[in-house]
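Please load the model in your viewer and keep the selection panel at hand.

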Amino acid sequence: MAINENFQKMTCDRCQRTAFLEKTDPRVSNEWSQIKRMNYDSKPASYLLCSDCKKLATQILVKHDSEWNTFMNNAATNGSEA
């Protein structure tokens, strides 16, 4: 049996789901996503998420974007009201 060294271990940073996939396997790009974001303190973070967790993360991020846009577009005349 030959040894194939072209596999990579994919582990979701949220749920810990793990898959061993060849680098050329379409599931690498179809079922796994590298999410990059910044926290409130402008510190970058990168997460590997499975497709299920990405769906949930996307819902949260869309909500946060909407809340941020509302915050930015609804400033009081003095600019201090949240």
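How many bridges join strand β1 to strand β2, and do they run parallel or antiparallel? In this predicted model, select residues 7–11 for β1 and residues 18–22 for β2: the two strands run antiparallel and are joined by 5 bridges. Within this pairing, select Phe7, whose bridge partner in β2 is Glu22.

Next, display the turn. β1 and β2 form a hairpin, with 6 residues between them.

Now select the cysteines Cys12, Cys50 and Cys53. Why does the structure hold 0 disulfides? A disulfide requires two cysteine sulfur atoms within 2.5 Å. For Cys50, the closest cysteine sulfur is that of Cys53, at 3.7 Å, which is too far for a bond. For Cys53, the closest cysteine sulfur lies in Cys12, at 3.7 Å, again too far for a bond.

Finally, select the largest nonpolar core. This core has 12 residues: Met10, Cys12, Ala19, Leu21, Val28, Trp32, Ile35, Leu48, Leu49, Cys50, Cys53 and Ala57. Colour the selection by element of secondary structure: β2, β3 (32–38), β4 (44–50) and α2 (51–73) each supply at least two residues. β4 provides the largest share of this core, with 3 residues. In soluble globular proteins, nonpolar side chains tend to be buried together.

Terms used:
Residues numbered from 1 in each chain as written. Predicted model: local features only at pLDDT ≥ 70, side-chain atom pairs only at ≥ 80, totals over all residues. Heavy atoms only, no water. Pairing = 2+ DSSP bridges. Helix = DSSP H or I, 4+ residues; strand = E, 2+ residues; numbered from the N terminus. Core = buried A, V, L, I, M, F, W, Y, C linked by side-chain atoms within 4.5 Å. Buried < 20%, exposed > 50% of the residue type's maximum accessible area, 1.4 Å probe, protein only.
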